[in-house]
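Here is a short briefing on one chain. Look over the sequence and the model first, then read the points below.

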Amino acid sequence: MLDDKTKEFLFHVYDATWEDIRHSRAQEWRMLEIVSITFIAMVGLSVQEYFRGLSLVTGAAIILLSIFGLGITYRHRNLFSEKMTFIRNIETALGLDKLDILPAEWKKRKQVKIFRVFSTSFFLWMIYVAFIVVASFYLLYIFSGGSLL
């Protein structure tokens, strides 16, 4: 059985791990905000012919930022998987699984899937992919000599 100091330590680690998960999620949404604002700037600048060069730079920035956002989301999903395994181990060490207070679904899951269709991470990935596709078509349109007006 664990002594009180060990239990207290595990509780603090447990709490810090959940806080790290919340912080990672906040970073993912902040990155999406940055890309979204850049996307809005591209759309706004594209209606004015004299901002054409800046529109090209903005379109390229959206593609690069979206790729970076995809990477951040992927890394944080992996981190989430690792942290959830750690959290489950702490719950077991503290005896929470024996108290029968954890949801049955938590006990059944062996690990977090990296690519799960209805996860928040997948939603973010799809938004980034959409930004990349639209910005790519926009750049192709500009480079092919399309008129902005």
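Helices (H or I, at least four residues) and strands (E, at least two) are DSSP runs, numbered from the N terminus. Read in that way, the chain runs α-α-α-α along its sequence. It holds four helices and zero strands. This is a predicted model, in which local features need pLDDT of at least 70, side-chain atom pairs count only at pLDDT 80 or more, and totals for chains, interfaces and linings use all residues. Residues are numbered from 1 along each chain as its sequence is written, and side-chain values use heavy atoms, with hydrogens and water left out.

**Chain overview**

- Buried residues make up 34% of the 149 residues in the chain. Buried means under 20% relative accessible area, exposed over 50%, and partly exposed in between (1.4 Å probe, protein chains only).
- Contact means heavy atoms within 4.5 Å. Among contacts between residues at least 6 apart in sequence, 77% join residues at least 24 apart.

**Helix 2 against helix 4**

- Helix 2 spans residues 52–93 and helix 4 spans residues 120–143. The two pack at an angle of about 160°, with their axes 9 Å apart.
- Axes are lines fitted to C-alpha atoms, for helices over the stretch in contact, and angles run from 0 to 180 degrees between N-to-C directions.
- Helix 2 and helix 4 are therefore roughly antiparallel to each other. The classes are: under 35 degrees roughly parallel, over 145 roughly antiparallel, 65 to 115 roughly perpendicular, and the rest oblique.
- The crossing of helix 2 and helix 4 is left-handed. That is, the near helix is turned anticlockwise from the far one by less than a right angle; clockwise would be right-handed.
- The residues of the contact of helix 2 with helix 4 divide into 18 nonpolar, seven polar and two charged. Here Ala, Val, Leu, Ile, Met, Phe, Trp, Tyr, Cys and Pro count as nonpolar, Asp, Glu, Lys and Arg as charged, and the others, Gly among them, as polar.

**Residues on these two helices**

- S66 lies in helix 2. S66 counts as buried because its relative accessibility is 0%. Not counting residues up to four places away in sequence, S66 touches V35, Y128, F131 and I132.
- I67 is also placed in helix 2. I67 is partly exposed, at a relative accessible area of 48%. I67 and W125 are 58 residues apart in sequence, and 9.5 Å apart from C-alpha to C-alpha.
- M126 is found in helix 4. M126 is partly exposed, at 41% relative accessible area.

**Nonpolar cores**

- A nonpolar core is a set of buried Ala, Val, Leu, Ile, Met, Phe, Trp, Tyr and Cys residues joined through side-chain atoms within 4.5 Å.
- The largest has 15 residues, and V35, M42, I62, Y128 and F131 have the most contacts inside it. Helix 1 (4–46), helix 2 and helix 4 each give two or more residues to this core. Helix 4 gives the most, with seven residues.
- A second, separate core of seven residues includes Y14, I21, I87 and I90.
- Leaving aside neighbours within four places in sequence, V35 is in contact with I62, L65, S66, Y128 and F131.

- S24 is found in helix 1. S24 counts as buried, at 7% relative accessibility.
- Beyond residues up to four places away in sequence, S24 touches H76 and L79.
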